[in-house]
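Here's a quick tour of this complex. Have a look at the sequence and the structure first, then read on.

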Amino acid sequence: MTITSLIVTSGRGARRRMRGRDVLPWLLLIAAIAVSVLPFFWVLRTALSTNGELAANSASLLPAGFSLGAFLRVFGLQSPEEAVAQGGSGASIDFWSYLRNSAVFASVTTVCSVFFSSMAAYAFSRLRWKGRDKVFALFLGTVLVPPIFTALPNFLLIRNLHLIDTMLGLVLPYLFMTPFAIFFMRQFFLSMSREVEEAAMIDGARHGRIFFQIVLPNAVGPLVTLMLLTFMTQWNEYFWPLLVSGDNTRVLTVGLGVFKSQSPQGAPDWSGLMAATLVSALPVIVLFIAFGKRIVNNIGFSGTK
Amino acid sequence: MTTTATPPIAAVEPRHRAAPPASPRRRRRSDLGVALIYIAPAVIGLVAFYIVPTIRGLYLSFTEYSVLGDPEWVGTSNYEALARDPLFWNAMVVTVEYVVINILLQTTIAVGLALLMHHVARSTLLRGLLLLPYLMANVIAAMLWFWMLDYNLGIVNQFIEWAGLPRVAFFGSAEWAIPTQALINTWRHMGYTSLLIFAGLQAIPPTVYEASKLDGAGPVQTFTRITLPLLRPVLALVLVVTVTGSFQVFDTVAVTTGGGPVNATRVLQFYIFQRAFSQQEFGYGSAIAVVLFVILAVVAFIQMKFLRGNESDLD
Amino acid sequence: MNRPIRFLATASVGAVSVAALAGCGGTSGSAEGTIDYWLWDANQLPAYKQCAEDFHKENPDITVKITQTAWDDYWSKLTNSMAAGTAPDVFTDHLAKFADFVNSDQLMPIDTSDIDMTQYAEGLADLWVGQDGEQYGLPKDWDTVALFYNKKFAADAGLTDEQMSALTWNPEDGGTFEEAIARLTVDKNGVHGDEPGFDKDNVAVHGLGLNASGAGNGQTEWSYLTGTTDWTHTDENPWGTHYNYDDERFQDTIAWWAGLVQKGYMPELETTVGASMPDNFGAGKTAMTSDGSWSVGQYVGYKDVEVGIVPTPVGPNGKNASMFNGLADGIWAGTDDKESAVKWVEYLASAACQDVVGEHAVVFPAITSSTEKAKAAFADKGIDITPFTQHVDAGTTFLFPITDNAAKIQGIMEPAMDAVVSGQADASTLSDANDQVNALFE
């Protein structure tokens, strides 16, 4: 079984004329895309509405009681009285702080874990040493461990190190490697042609130089893809930050909790919640628009041929 | 929280390698020293944040620990209690229900979408649009659907009412609560999973299809006899990871139903969180987590064996 | 092609150092002279912000940082932060939870030698005394339960205000209370609940609203009914060790109450997820609710509804009843600034702050003189709070159940009660739940 390096990006198929029997597949595809995309429209519509009017106009396509209040609430620009009057929470939402924390958390963990994982992947693919495959299998096994199983003791560890509510404590478990990153890069390294390396080895280059000056430069493509995927995953982390972050390190996903019901019998601040949803998805969407082609085309890289 | 992302096919070292190039044999010494340096950070991470916590979690499962005090050794009493705990068995049933619905739905839709893309349209734009839900965090997707499926104000119930049917309390009714969670998860992941399968589809050489056409195979036959078997490695991996991830559902439940109504969505990972943090029984929570771990290991093992994901029929 | 790699390497090193530095900077919350204070009621936030500002003027070296967290998340965030060692210095405490906190040594005892404990409404301060005799909270406010109803719907149904103020109830046939509820329920065809042809599957307006199943305490949901049967939650209160959910009087009451759903007079439990009982009232989907005095402002604020407030119905023991609850502010045992925390708590419990709270007309402050101010403030808004205060004057209150193991009891009773109210289980299953609860005390 051979392994290709990159999945062929097609799209260059000949443009066929639409045939009758293509209609059904096209309809299904359009339906799937509609289901994926239309909810975002509905979210936008709700985000531009006022809470009080939502009940009356629950079906209209246009915002009910058009207002930018929800977005103001998300950005923390509304006074508590106004917020409560509009059905939201009077709590202060330190949006920019949450955004910053999410950005720092995601970036730091991405850069570090991808780098260290690449190093390990190189060791697992290019270096020969006793027990290599066994150790790799060990790393593989970690995927099976339920996050909550390690989360509880990790929480205790971070607490005992007095790192609760610090960025260091938040990033620590992710700093050194993620199993996925190791697999991903190992897969790529295995498929790389060895000739240049072998030549360099014959010339007497040591592994360090080979890694930094030959292997990594050739791996920029997958590296970037991996970093993008990792960043997205980290941006969307919820459980671990819930446990370990406090007021100073709250990330966006956890911070959005403020838009849920504010009182025992209250309803959620729907418009605020939807506005917050949009705003927190925005950075990832922007990244996606910028790098989308690369992500979409390489997502199956992990596959085989 | 389900899949993070799919790891590549495991252990794909080619069995038959071409004879090594004619380089001098003097480089046969082990690279152990260098390797140790290169894997050092990853090993630190593995040991400190995976292995040690696993051992510690195992230890804690034999204790009573309220987090605010000190752990107190109680032997196997946590495990005995959990065998008798109706909420634990409920969590098992509910989680399995979720996994089954989620996997069936997600895999079928993903395969279908992948086929559609393969045959009908391969543009990057379309693929990108399908990926849109995956960009949001699980909790965000959950809140989005919490709003759209709301009993009183949700747009979906509005449509249902227009269609003349009675409104459905998606999150409030015991029958619908878990399927709704599965629906949310499917919505978020179907684009991503379908792209993975799509990549697998693209890897099948067209010559295979041509050959089968020459033999007179119809579309259904082609699909079941050729496409599916050749997709097996990709499908196997996708299944292993999505099943493992599904067993670990937490985010969406925590943010919408909180285990309710009654106990209809009190899935394993949420129940663990509830006992460990809300009720301050870390020891008991760890015991349940150990059980979950064993289940996942067994399930993954069975799956890999059954699906023989290591091999590919293309060889 | 060295650059990308060098960049990656330096970036990683840089990132790690940034993380390390960031780690050095932040400790748990408080900068010098800042007190973290948590509360959950968004409606009370403005009043307490005012208190914080006034306090800061008197104590310029102490700043109070108030964080409001939704009730749904408040307790889990609090217990998580206690486990993490980052709990707030001062927080609003609840009678249901404070026992667990005392037992796990999370509350700091308060020295009351300089405080006039008689200024509080009778019995309030004693509620916050632990089993060891120490004071673990200073009373903040108190609340009781009453009935809120839509005056127009009542008039349309032929019910006068006098009738509504004098409802009676019993577990067998529901008394005039059930008659009123049935009368107020209207289906989509305009047929009332007590008329022939009433379609209980197509109800437009429910006679009685549903918030939740009430779990073990049923503060606003059903305790005002059980309180008139001479049934009590526990053998003694506070600090009881035996619950009475297997009692016939309790189960009959719950059976009657859950039966309202089957009859179509009360919404199904599943429809309450994501919804708000007061909002449904304000939208004209519910004609009457039983709710606490803390939500008066909300009910009165609905634009299209004229709301009437009447006392809870008179029950089998010849009187009406209401659960009496009070909140207090507690000090976290792990606070790093004990002095300032104590000062803030004493300020919160003083007339200076409680007058402000009273004047905002949201809740009834614990200090009796401040309650008078609240009465006046409510009266200015056109709200008569006698239906709430009469219980205190007439002695028809009973305490919120205070025992150990509150969180675990909640975990047992909530699903059990949910099952009964949603019709999945019979009220007799509550005896099994009771056994589980009592097993916690062995």
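## Where chains B and C meet

Let's start at the contact between two of the chains in this predicted model. On one side, 22 residues of chain C are in contact, and they meet 21 residues of chain B. Helix H3 (71–84) and helix H17 (406–421) of chain C each put at least two residues into the side of chain C that touches chain B. The top contributor to that side is H17(C), with six residues.

What's the make-up by class of the side of chain C that touches chain B? It comes out at 11 polar, eight nonpolar and three charged residues.

For the model as a whole, the scores are ipTM 0.78 and pTM 0.80. Chain C has a mean pLDDT of 87, with 93% of its residues at 70 or more. Among the elements of chain C, strand S5 (residues 145–150) has the highest mean pLDDT, at 95, while helix H1 (residues 2–25) has the lowest, at 47.

pLDDT stays under 50 over residues 1–9 of chain C, where the model has nine contacts beyond four places in sequence. It also stays under 50 over residues 19–30 of chain C, this time with 30 such contacts.

## The nonpolar core

The largest nonpolar core holds 311 residues, and A:Ala120, B:Ile197, B:Ile288 and C:Trp344 have the most contacts inside it. Helix H5 (residues 95–125) of chain A gives the most to this core: 15 residues.

Take B:Ile197 as a close-up. Leaving aside residues up to four places away in sequence, B:Ile197 touches B:Ala110, B:Val111, B:Ala114, B:Leu231, B:Val234 and B:Val238.

Conventions:
Residues are numbered from 1 along each chain as its sequence is written. Chains are lettered from A and ligands numbered from 1 in the order in which they are written. This is a predicted model: local features need pLDDT of at least 70, side-chain atom pairs count only at pLDDT 80 or more; totals for chains, interfaces and linings use all residues. pLDDT is the predictor's confidence in each residue, from 0 to 100. Helices (H or I, at least four residues) and strands (E, at least two) are DSSP runs, numbered from the N terminus. Two residues are in contact if their C-beta atoms, placed from the backbone, lie within 7 Å. Ala, Val, Leu, Ile, Met, Phe, Trp, Tyr, Cys and Pro count as nonpolar, Asp, Glu, Lys and Arg as charged, and the others, Gly among them, as polar. A nonpolar core is a set of buried Ala, Val, Leu, Ile, Met, Phe, Trp, Tyr and Cys residues joined through C-beta atoms within 7 Å. A residue is buried if 20 or more other C-beta atoms lie within 10 Å of its own, exposed if 12 or fewer, and partly exposed in between; C-beta atoms are placed from the backbone.
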